[in-house]
Amino acid sequence: MIKKITYFCTNKSVFMQIRVVLTSFICFLFFTIPTISWSQSGHLKGQILDQGNGESLIGATVFLVETQKGEVTDFDGNYDIGSIKYGTYSVITSYVGYVSDTSTIQIGSDVTVHNVSLTVESMLLHEVTISAQAEGQIAAVNRQISDENIKNVVSAKRIQEVPDANAAETLGRLSGVSLVRSGGEGSKVSIRGLAPVFNKIQIEGIKMASTGEADRSTDLSMISPYMLETIELSKAAMAENEGDAIGGSVNFVLRSAPDDPTFDVLLQTGYANYKKRFNNQKIVIGGSKRTIGKKFGIFAQMDLDQRDRSSNSVNINYINRTNLLDSFPISMGSLSVRDIDLNVKRAGATVVMDYKMKDGAIKLSNFGSLIHKNEANQYELFNPFYNTHSYGLSQSNNNLIIYNSTLKIEKKIKNLSLDGGVTFAFSQYNAPENTNFYATETNAFTPAGTLASNPDSLFSNSRNDLTKAIVQQVDKSKTLTKEGEKGAYINFLLPLTLSKNIHMKFKFGGKYKVLNKSYNVDFDKIPVAQSGHGSKFVKASIGSLDFITSSVSSDATTLPYDIFTVPYSKLNFDNGNFVLQDKPSIDNINQFLGVAKDYYFIDYVPSLKDDYNGEEKYSAIFAQPVINFGKKFMFIPGVRVESSTTSYQGVRGNNTLQNWDVGYSHIDTTITNKNQFVLPMIHFRYKMNNWSDIRLAYTHTLARPNFNVIVPKWDISLNSVVWNDPFLVPSLSKNYDAYLSFYSNKLGLLTLGSFYKSIDNLIYNSGNTVIDSIDIERYGFPQNLVGTPISKIVNNSTPAVIYGFEIEWQTRFWYLDNFLNKFILNINYTQTFSDVSYDRTVLKQEFLQEPPYVRLVEEVSPYKERLLFQPRNIFNVTLGYENKGWTARLSYLYQNNIFSSPNFFTQLRGATAAYSRFDVNLSKKLPWKGFEVLANFNNLNSAYERDILISNGNPIKQQYYGMTIDLGIRYRLK
């Protein structure tokens with residue numbers, strides 16, 4: 001049975017606002033275009049190059065003094081200034097780090113070509129060749145200075161000369177960015193203290209598909225730095241960008257073919273210290289070429305990578321066993337210790353083809369990646385609250401596929417420029433068989449152990465008696481998550497001269513896309529320790545497996561855990577503070593699972609209750625004039641109107657109507673939800689002089705609810721209801737940014753920035769409540785559920801606030817007359833603060849004089865805390881050196897106090913401990929042209945990642961992965 005509901009969540013004034021925007025735009029064109037001078041005029045175009053190596057300079061500024069009109073060069077170093085009256089002009093070409101050029105040119109025809117080659121200033125002072133790291137820094141500085149938006153840029157030279165393990169690690173060195181790591185490898189980014197789901201990840205300007213079933217975040221570990229031309233981190237949205245970027249947006253620009261052929265081969269091997277294995281491998285092969293008069297270009301690259309990402313981890317849950325609210329003794333609820341053996345294999349491919357035509361270009365970009373993870377996880381779970389100690393082994397093999405493809409067309413028709421394209425993004429996570437085996441020891445602690453408040457007390461009072469542990473269950477599951485998004489967009493740009501000193505580029509356009517998402521899980525199990533079916537399986541195992549037959553009697557109905565272990569010295573974590581007992585034998589357990597394949601049966605509830613599929617349709621239009629008042633002022637007002645329709649099918653079931661092993665009573669329900677938003681954006685830049693400017697921005701952005709909270713599902717059990725709210729609305733943020741920048745050839749770029757965000761409708765778990773008659777009417781719950789406890793995900797009625805400041809300095813010391821002139825320095829510091837009011841709902845019993853005599857009453861207790869993932873401090877230092885064929889980079893990261901564990905009780909809240917990490921990258925050019933050797937030392941100081949209780953410093957979470965060393969040889973034909 002399928003139930004369908006349509007729900008409209010619309011702002012009544014939205015359509016009126018859209019009409020006003022469109023009417024204003026038409027009126028603007030109607031009244032403005034006739035004022036444009038139609039006298040004889042021409043174009044000034046050309047290319048700005050580095051005189052030393054002939055490479056394009058991206059972000060160079062070309063300025064006509066008499067008209068006060070300027071332009072910035074694109075990725076090929078090209079510029080085009082239109083609507084210039086015939087006459088003689090002075091043209092100033094500037095690029096920080098280079099000597100500016102002033103030329104006199106004559107505009108007397110439709111197109112005038114003016115190419116300029118600039119010289120690095122340090123080459124005038126010293127007869128030296130500028131280093132690749134310095135070129136990369138100069139390029140990044142100029143891109144940041146010349147861009148209309150507030151952003152950080154990582155240039156091609158920096159990415160290619162001293163590459164990180166993956167793109168996430170490169171992002172982690174930028175101001176305001178902290179990383180979420182897995183096995184020591186950066187996988188997701190938190191920008192300005194906002195969780196990964198609040199940030200947008202793009203390739204070639206197109207959003208990547210999310211890589212999990214629950215939230216909208218994307219795993220970046222599959223993005224190889226060798227395929228990238230540029231990384232752009234935008235911190236203030238513009239009307240031309242999609243609005244779902246409260247924290248910020250990251251855009252990875254793929255490499256394309258330069259004029260000259262290239263070829264790049266890297267062979268690398270490495271050592272992982274935690275498991276003491278020398279089995280890390282990496283192969284990169286790529287190249288490019290241009291043909292047909294250099295009009296058609298193709299760049300192709302393949303990456304093969306194998307990494308040992310093994311680690312150990314500890315997770316501790318603390319509880320309040322009393323009814324006290326303020327001061328109470330902290331108790332341990334549970335503790336898990338895991339030894340994770342994880343091997344990651346990646347295969348990636350990039351193909352970029354482009355064709356340059358007169359006044360335009362066509363570009364087809366393709367990126368695909370496959371990640372295969374093979375994991376064996378030995379774990380122990382201590383549960384003093386229930387006086388149990390569990391031992392287990394979980395194993396998984398899973399694959400993640402991600403693919404992005406974009407076909408872009410750029411065309412210029414007289415003064416009107418347009419760019420458009422069609423896009424496709426896809427991801428699939430497939431875990432065909434995850435197995436889990438576990439045993440439980442009861443009466444596992446002394447009385448003192450059941451009341452333990454810290455790990456030392458727990459371990460000293462644990463019995464650790466493997467002979468008393470009984471195998472409880474084996475289970476297996478398979479999951480499949482798919483996401484595909486198809487889209488199309490078109491943008492227009494019309495330059496207008498309003499007066500001698502006022503010039504404008506009017507941008508407008510629209511986008512449409514459709515996203516399809518599905519998730520399916522199947523769960524099978526055998527309750528080994530239970531009579532009936534479990535006993536039959538035990539008998540079959542005794543009769544077929546020698547290691548069991550020799551250890552237990554033929555009439556046994558249960559199996560002791562110790563027969564599945566092998567002699568093994570106890571594994572100590574953190575200098576012996578945490579301990580694992582004897583190791584489970586993977587061979588013995590896999591033989592056991594081999595017999596189990598004939599005895600599994602489906603567990604209907606977990607196999608059905610979380611399945612979903614759905615569709616999201618998105619459309620948007622925007623208008624964004626960029627108005628320049630001479631050389632000093634830039635004003636960018638804009639507005640974006642976004643509309644989305646979500647339609648998801650989920651499962652609404654009742655598992656109290658039958659046994660868990662014979663079925664699941666449910667209804668497949670589809671709910672359609674619509675919303676629209678008008679997002680105003682205002683940017684302002686004032687250049688105080690040639691070496692400083694101030695930028696201000698006021699923007700509106702949003703974050704749509706995660707998939708797992710809007711699927712229309714509920715699961716009714718005996719005493720409670722697990723429920724999703726499909727009517728949650730997106731969080732909407734009002735953002736304020738202010739940046740002051742100083743730049744010169746000697747100073748480099750010094751930036752002081754601050755930001756403030758006020759987020760409405762933040763989504764969070766408010767705790768337990770009870771179903772009332774209003775819920776019955778609004779959400780359609782069965783009438784008999786009135787008074788039943790339910791956990792709710794809600795939109796916060798109180799705005800959340802996050803604010804902070806950033807300081808960044810990028811410089812090089814070329815002007816010094818000593819060895820320091822070979823050094824390049826990047827340094828940044830970020831401090832953030834946040835304030836969120838959460839409503840925590842607690843259920844209390846109220847006694848009555850008549851039936852039902854007892855009822856549950858809600859008691860709402862608001863409390864204030866920080867946003868999850870919000871750090872206090874982030875500090876990065878990168879020191880580069882290049883001389884006589886040697887290239888070196890030392891990177892230091894410090895981050896502290898990232899809020900990680902919210903809780904109503906102040907004593908139970910957690911944050912990360914201080915984390916410091918050193919990385920070193922070395923390379924040396926060999927005597928043979930194009931060859932070099934590489935050495936990378938990651939996490940040189942073998943840092944732990946730790947979470948602790950803020951109240952007393954007790955550990956909550958800990959992960960250790962050790963140091964890795966990579967050695968390689970590379971050949972590059974540039």
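Okay, let's start with Arg-695, which is buried at a relative accessible area of 6%. Buried here means under 20% relative accessible area, exposed means over 50%, and partly exposed is in between, with a 1.4 Å probe and protein chains only. Asp-693 counts as buried too, at 1% relative accessibility. The side chains of these two, Arg-695 and Asp-693, meet in a salt bridge at 3.8 Å, N to O. By salt bridge I mean a side-chain nitrogen of Lys or Arg within 4 Å of a carboxyl oxygen of Asp or Glu.

Some housekeeping before I go on. This is a predicted model, where local features need pLDDT of at least 70 and side-chain atom pairs count only at pLDDT 80 or more, while totals for chains, interfaces and linings use all residues. Residues are numbered from 1 along each chain as its sequence is written, and side-chain values use heavy atoms, with hydrogens and water left out.

Back to the charges. How many salt bridges does the rule give? The count comes to 48 salt bridges. Take Lys-513 and Glu-242, whose side chains meet at 2.6 Å, N to O. That pair links distant parts of the chain, with Lys-513 in strand E26 and Glu-242 in the loop between strands E15 and E16, 271 residues apart. Strands, by the way, are DSSP runs of at least two residues (E), helices are runs of at least four (H or I), and both are numbered from the N terminus. Both Lys-513 and Glu-242 are buried.

Another one is Arg-970 with Asp-264, where the closest N and O atoms are 2.7 Å apart. Here strand E53 holds Arg-970 and strand E17 holds Asp-264, 706 residues apart. Arg-970 is buried at 1% relative accessible area, and Asp-264 is buried at 8%. There's also a network of salt bridges linking Glu-185, Asp-305, Arg-307, Arg-309, Arg-346 and Asp-966.

Now, what about a buried arginine with no salt bridge? That's Arg-866, and the nearest side chain of opposite charge, Glu-865, is 4.2 Å away. For charge, Lys and Arg count as positive and Asp and Glu as negative, with His and the chain ends not counted. Arg-866 sits in the loop between strands E44 and E45. Its side chain reaches the backbone oxygen of Gln-870 at 3.2 Å, and a polar contact of 2.7 Å joins the side chains of Arg-866 and Asn-897. A polar contact is a pair of N or O atoms within 3.5 Å; within protein, one must be able to donate a hydrogen and the other to accept it, and residues adjacent in sequence count only if both atoms are side-chain atoms.

On to the rings. They pair if the centres of Phe, Tyr or Trp rings (the six-membered one for Trp) lie within 6.5 Å; planes under 30 degrees apart are stacked, over 60 edge-to-face, and the rest tilted. That gives 45 aromatic pairs. Tyr-519 and Tyr-612 have ring centres 6.0 Å apart and planes at 35°, so they're tilted. Tyr-519 lies in strand E26 and Tyr-612 in strand E32, so the pair ties together parts 93 residues apart in sequence. Tyr-519 is buried at 13% relative accessibility, and Tyr-612 is buried at 5%.

Last stop, helix H3, residues 132-146. 15 of its 15 residues are buried, so H3 is largely enclosed by the rest of the structure.

Notes: The expected span of a helix is 1.5 Å times one less than its number of residues.
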